[in-house]
Amino acid sequence: DGKPVSLSPLELQPHSPRYTVSSQREHESLEVRVREVEEENRVLRKQLSLVQSRGPTHHRSNHSKTYSMEEGTGDSESLRAGIVAGNSSECGQQPVVEKCETIHVAIVCAGYNASRDVVTLVKSVLFHRRNPLHFHLIADAIAKQILATLFQTWMVPAVRIDFYDADELKSEVSWIPNKHYSGIYGLMKLVLTKTLPSNLERVIVLDTDITFATDIAELWAVFHKFKGQQVLGLVENQSDWYLGNLWKNHRPWPALGRGYNTGVILLLLDKLRKMKWEQMWRLTAERELMSMLSTSLADQDIFNAVIKQNPFLVYQLPCFWNVQLSDHTRSEQCYRDVSDLKVIHWNSPKKLRVKNKHVEFFRNLYLTFLEYDGNLLRRELFGCPSETDVNSENLQKQLSELDEDDLCYEFRRERFTVHRTHLYFLHYEYEPASDNTDVTLVAQLSMDRLQMLEAICKHWEGPISLALYLSDAEAQQFLRYAQGSEVLMSRHNVGYHIVYKEGQFYPVNLLRNVAMKHISTPYMFLSDIDFLPMYGLYEYLRKSVIQLDLANTKKALIVPAFETLRYRLSFPKSKAELLSMLDMGTLFTFRYHVWTKGHAPTNFAKWRTATTPYRVEWEADFEPYVVVRKDCPEYDRRFVGFGWNKVAHVMELDAQEYEFTVLPNAYMIHMPHAPSFDITKFRSNKQYRICLKTLKEEFQQDMSRHYGFAALKYLTAENNS
C-alpha cells in the first residue's frame, strides 16, 4: 500500500520468555513486508527523480540539488494521524535544498556552561551536514570570548560565525519578569527579527540543549512547506504543562491545546517583520502579564500566547523534530524506530538524569557527540566554494614552505599547527585586587597530572591559569573529575583552558602561551604542574612585587626549586624546616643529580643564609621558575615535548635585559611522578635528539639576528658549556 513500516525498538527477542513460535512467524512475515516496502520506496524515489529531472531547472553551474524526502504537516489533526501511522511520508513534489545553499542557524548563548553545550550541539550538526552553515550567536561577553576563540582555532570549512551582543538586547526584554532557570537570556529569541540582519529571510533557531541525529538540511527544507501566513515552524509541546492539570491551582499561560515548544523554531523573518512581529508579541506580553505577573517558561509562554490569538501563524512540525526529554512527556509517541529520530531536546533542568524509557539510548547518542573528536569535523564540502579565510591561507603557505623530506619535518610542522582551544571550560570568577599586586600561577598539564590540581589549590589561594592538553573524551573525564571534587568546585579563580590534542608531540610552549595570555592579573608566576609552592607563597610574592618595584623595572623574580623522591612528604612549613630536610637528604635542590646546570646559577649555598633578595647572572642552560609582569615575551613554539622549552624562554628574558633576582624566603618543591612520554622519546630516539639540537642552533641564530651583538654571548656560552 506504499506506507513505510516502522519496527519498534522494543521488538521481542528470540530469547525473551514471552517469545513464541507464532511471534517468530509474525516477525519473519514483518521482515519480508519491510523488504517489499523498501523496494517499493526505491522505485518510487526513482520515479520522483525522473519527474523532477523533467521539471524546470535553475541555471546555476555546478550546483546539483538534493531533495529532502522529509514529511511535514501544517495542522495538528494530520500530524496526529501521521504519528499514529508511523510518521508516513507525503507524496508529490518534494522541497528543494540546493547543494551549496547556506543554512542559517541562530542560538542564544550566555555563560560558561551554555558555551560547552553549544559545542556539543554544533558537533552534532557538523557531523551530519552537507551544506555551508552560518551560525548567528547571540552571546554575552563570556560566551563570545570562549566561542570566538574556539571557532577561530577549529577552522571548519564552509562555516561562518557572527556574534550579536546579548547584553545590548537586555533592555528589550528586561521588563518581562521571568521565573525560568534560563533567566533574561531565555527571552531573547523574541527579538531576533530586530537583532539579525534585515536581509536575512529565514533562520532555524535552536536551544543549546539540542542534539541533531540527522542532516539539518532536512529541517531547512521544511520552510518550503509553509503556506499563507505561516511564519513559525514549531513542534507541539510534549508535556501537559499548558493543559493546566499538573498540580492543584496550576495556572499556565494561554496556549493552543498542548501549546508549542520553542527549543526548535523555524522563523520566516521577512514575513514576520512585515507582520510587525515586534509589536504583536509586546502587546500580547503586556496584556497577559497583567494577570500572570511573570513568565514560567520564558519566551515559550509569550510565543504560545501570540499563537493562541493568531493560530494561522504556526506551521506544526512533526514531533520528531523536537523529541522533548523532560519528565512526564509524551515524547515516546514521536518515534517507533531509531531512524525516526531527528532532534533530541534535553529540556529539563535534570538534563541527562531525566526519566525516560529510552534515556540510555538518548544519553549514549549525546555522549557520542560530547566525546567525538572535533578535529574530524574539519571536512571540506566538495563542489561548494568557501569564503577566503586569511588564517587558513597563511597556514597553508607556511606549511607549503616546509621540506617534507627534512628528517625534522614533524618538529617544524608542529610550530604551525592550529590547536582547537576552548577557553574557560569551567565557571571562572576573579575580582581584581585593589592594590594592583595580584599574581596568577601559570602552568600546563595533560591527563596524567590531574591528581596535582587539588594539592596546588590547597597550596596557592590566588588565581591560577591552566592549559590542559586533552582529547575531546578526556575533556569530559576532566569535567567529571572537577565536578566531583569539593576542592576544585570551591575555587572559582582557576581558569581551565582546554587545548585539544592534535599531532604526535606535546606542544608544551603553546600550552604555556595559552595559559599566560588568559590571565587577569598584572603579574604571573611561571610554574610547572609537578611543583607545589610553599604555603603562603602567594601573599609573599605580592609583597615582593611591591618591595622590588616590579611595576617599573624589568625583573624576573626567582623562586628556588627543590625536589623530593618521596611520594608521601611532610611538606616543610618554613625555610628552616626545608633546610633541615635538605641536610637530612629528604629534599634535594632540583635536578642536581641529572641536570645541575639548569638551576645552579640560583646559588643555593648563598640562598641558605640570605635574608634579602640577591641578583644572579644568566648562565648557559639556566631555567629557573620566575615571577614576571604579564607583558613578558611568549615561549618559543618550535620547542615541543622535552628539551629546551624553558631554557630558550629564560635566554630571551636575558636578551631583553631582565634582571634575575632570587627571593630569599620563597621555595617550591617538585613531586615525584613517572617519566613523561616525551622524555622517554628523547632518551630512546636518536633522531629526536638530533632534531632538538638543530632547532636549538636555529633558535640561537634567530636570537643573533634579532638582538645583534648582545646575543653573541649565547653562542659562546653554549660552545663553552
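Start by selecting helix α3: this helix is mostly covered, with 15 of its 18 residues buried (buried means under 20% relative accessible area, exposed over 50%, partly exposed in between, using a 1.4 Å probe and protein chains only). Before you go on, note that this is a predicted model, where local features need pLDDT of at least 70, side-chain atom pairs count only at pLDDT 80 or more, and totals for chains, interfaces and linings use all residues. Residues are numbered from 1 along each chain as its sequence is written, and side-chain values use heavy atoms, leaving out hydrogens and water.

**Stop 1: along α3**

To find α3, pick residues 111-128. Helices (H or I, at least four residues) and strands (E, at least two) are DSSP runs, numbered from the N terminus. How far apart are the end C-alpha atoms of α3? They are 27 Å apart, which agrees with the 26 Å that 18 residues should span at 1.5 Å a residue (the expected span is 1.5 Å times one less than the number of residues).

**Stop 2: α3 meets α11**

Show the side chains next. On α3, the contact (heavy atoms within 4.5 Å) uses Asp117, Thr120, Lys123, Ser124, Phe127 and His128. On α11, look for Tyr366, Phe369 and Leu370. Together these residues divide into 4 nonpolar, 3 polar and 2 charged.

**Stop 3: the disulfides**

Search the whole structure and you get 2 disulfides (a disulfide is a pair of cysteine sulfur atoms within 2.5 Å).

Select Cys100 and Cys384, which are joined S to S at 2.2 Å. Cys100 sits in the loop between β2 (96-98) and β3 (103-109), and Cys384 in the loop between α11 and α12 (390-400), so this pair ties together parts that are 284 residues apart in sequence. The link is left-handed, with -95° about the S-S bond.

Then jump to Cys408 and Cys691, joined S to S at 2.1 Å. Here Cys408 is in the loop between α12 and α13 (409-414) while Cys691 is in helix α23 (residues 686-707), so the tied parts are 283 residues apart in sequence. Both Cys408 and Cys691 are buried.

**Last stop: Cys109**

Finish on Cys109: is this residue buried or exposed? Cys109 counts as buried, because its relative accessibility is 1%.

Definitions and conventions
Nonpolar A, V, L, I, M, F, W, Y, C, P; charged D, E, K, R; others polar.
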